[in-house]
Structures are given as structure tokens and as C-alpha cells.
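The following exercises concern a single protein chain. Please work through each task before reading its solution.

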Amino acid sequence: MKAIRAAALAVLLAAATACGAATGATTGATTGGPADGGQVTLRVGDQKGTGLQALLEASGELKDVPYTVTWSQFTSGPPVLEAVNAGSVDIGAVGNAPPVFAAAAGSKITIVGASERGLTGQAIVVPAGSPITSVAGLKGKKVAVAKGSSANFHLLAVLKKNGMTFDDISPQYLQPPDALAALSTGQVDAWAIWDPYTAQAQHQVNARVLVDATGYANGFEFQIAGSAALADPARSKALGDFVARIRRAHTWANDHPKEWTDVYARLTGLPPDVISTVVARNRYTDLKLDADVVGREQQVADAFAEAGLIPGTVRIDDIVDTRYNEGAQ
């Protein structure tokens, strides 16, 4: 137990380094001309699971930015979109479920970009010595998950496909650092999570993957902007440039996995073996916001509505803006 607690403490320290809620750190210089002839500041929400700031720095896409970029760090997607809705952040990257929950709550958010990552880094994990060997074994067990996150959808899909519902488990709504500590100390029986936390759990506390997202979920990562930012001509132009930089950074990461691993590990404070696992199973594919993407995301919204986990229904078409589709596949 001492060893497990020590490992959990090490994980939490790493998570704190990478996921602190610090805000206002400015990155990117106004070395070029302003986006529209006036000063523009683009406020970006980031989270450890996307590593957006690390990715853009590693790829060189934060050099010669013709506007100022400020960063705020969050522990998961839902808090990012709360900030977008509140107008304190202009854009952020999140998984498949946060925009559904935000739209259901009436938030002023819009999907402006999309990519897809690997499915094996999305997983439900259990402690190494757990007697749980199948999804059926989760019945009556405490399962940690971040409410409204992509892991929330993965867990829902896994339960549904195996003839179960959330009523069959005891969901524990915890943010990733708290959930990892809870798993490590036996306070929960399983944890639904995404990379790099999945890799952390595997490498640092010997967690075992019970089931990943293959055949259950999509690997969508969306860039989400605020309505006010999109309505402002100068800021919307900066948003278009920023989305294009994200796409170029994705291509760079796919083509330079070793360099991406080195910089990602350095900037997040996570061990290289953890990050190597993350990079290897999370290649990026940039996507147009077309009927296929909208339809697949509508399935996510419909699943949450059917399960009664969101109020009413959400039409994904209503929260998509395709003006930045150019350059995507």
C-alpha cells in the first residue's frame, strides 16, 4: 500500500505540473502585422489531454503569430467550454462529449474544427490485481469518470453495448488527478479516462485496460469557439489562422514522433515512457466539418439524450460553423 500511495503521489505531482489551473500566461509574439490592422489577443483554453500549447510550441507554430495568444489551463473539456461560454476564453480543444453537454445547457459555443485521434488511449482501466475481467464485472462497482467528458460517452457506450446502464454502476464524478489517486488507493474500482492519463495509469500504477474505445466511440477532438469571438471580424480572422496552425501542427507531430515525444514530455513534466505510449497510439487525422462528422457526433448527442444524461436533445448541425473547413481532409 505504501508503494501504491507513493506512486499515486508521483502521478499527482506530474499532473499538477502539467494541469495546473494557471491562467494568463502569454505565448506568441506580435511580430507580424495585426490580424486586421488592430491589436488582437486570442485567449485559448488548453488541457492536459489535448496538450495543445505543447503541440504548437513543439511544431514551431507559435512563431511569428500575427496576434497575441494567451493560455489558460484546465483539467478536462467541460471546464474549457464553461470558460468559452463565459467569454473568458475564445477557443479551446475538447473531446466528443463536452460540446453536447454545453449545447444542452444552452452555452454559446460553436464547433469550428475537427480532428480524430486513436481509440486505444481511451479506456476503462482497473487496478492490476482487480478481479474485474469483463464489463459485466463493473456491475455494482464504483467507476470514476469526469462528467461530460469523452470518457463519459465511452463509459455510456460500453455499458449500453453490454446490456447495462449507469444505474448498474456507481459512477464517481471526479476530475482526472483526483480519479487517478482514487484508483491508486482503492477508493474506486475502475476509471474511464483518456490519454495521457490512461498511459500514466498503465506505466505508473500498473493499471490494466479492461476495454478501450475500439468499436464503442469515435476519437473526435473539436476546436470550439465562442459566439462573441466568431462575431468579431478581427478575432474570427485570428481564429481561422489559429485553426490552420493546429492542423499544420498535427501533420508535424505525425511526421516527427520522436521530436514530439521529447518536447511533450519536457513541457508537461510527464515521463518519456508515458508520452511515448501516448504519441504512438494517437496519430492525428484532420477532418472537414461535413455530414459524416456531424452525423457521427449526432450519435453521441442522441445517446446522452436517450440515457437521460442531458436535458432535452441537441442538434449538432446547430452548433457547427464550416467557415474554416479549408485545409482539412
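A cavity is a set of points, on a 1 Å grid over the protein atoms alone, where a 1.4 Å probe fits but cannot get out; lining residues have an atom within 4 Å of a point. Grid points are joined across faces, edges and corners, and a volume is the space filled by probe spheres set on the points. The model is predicted, so local features need pLDDT of at least 70 and side-chain atom pairs count only at pLDDT 80 or more, whereas totals for chains, interfaces and linings use all residues. Residues are numbered from 1 along each chain as its sequence is written, and side-chain values use heavy atoms, with hydrogens and water left out.

**Exercise 1.** Determine how many cavities of 30 Å³ or more the structure holds, and describe the lining of the largest cavity.

*Solution.* Step one: the structure holds one cavity of 30 Å³ or more. Step two: the volume of the largest cavity is about 260 Å³. Step three: 22 residues line the largest cavity, and those closest to its centre are Gly-95, Arg-117, Ser-150, Trp-194 and Phe-220. Step four: helix 3 and strand 11 are the elements that give two or more residues to this lining; helices (H or I, at least four residues) and strands (E, at least two) are DSSP runs, numbered from the N terminus. Step five: the lining residues divide into five nonpolar, 14 polar and three charged, where Ala, Val, Leu, Ile, Met, Phe, Trp, Tyr, Cys and Pro count as nonpolar, Asp, Glu, Lys and Arg as charged, and the others, Gly among them, as polar.

**Exercise 2.** Identify the buried residues of helix 3 and the elements against which they pack.

*Solution.* Step one: buried means under 20% relative accessible area, exposed over 50%, and partly exposed in between (1.4 Å probe, protein chains only). Step two: within helix 3 (residues 77-86), the buried residues are Gly-77, Pro-78, Val-80, Leu-81, Ala-83 and Val-84. Step three: these buried residues pack against strand 2 (41-47), strand 3 (68-74), strand 4 (91-94), helix 4 (98-104), strand 5 (109-116) and strand 11 (220-226), a contact being heavy atoms within 4.5 Å. Step four: just after the helix, Gly-87 adopts a positive phi of about 85 degrees.

**Exercise 3.** Is Ile-316 buried or exposed, and which residues does it touch?

*Solution.* Step one: Ile-316 lies in the segment after helix 12 (291-306). Step two: Ile-316 counts as buried because its relative accessibility is 1%. Step three: not counting residues up to four places away in sequence, Ile-316 touches Val-100, Ile-111, Val-294, Glu-297, Gln-298 and Ala-301. Step four: its C-alpha atom is separated by 5.7 Å from that of Gln-298, 18 residues apart along the chain.

Conventions. On a 1 Å grid over the protein atoms alone, a cavity is a set of points where a 1.4 Å probe fits but cannot get out, and a pocket is an open set with protein on both sides within 12 Å along at least five of seven lines; lining residues have an atom within 4 Å of a point.
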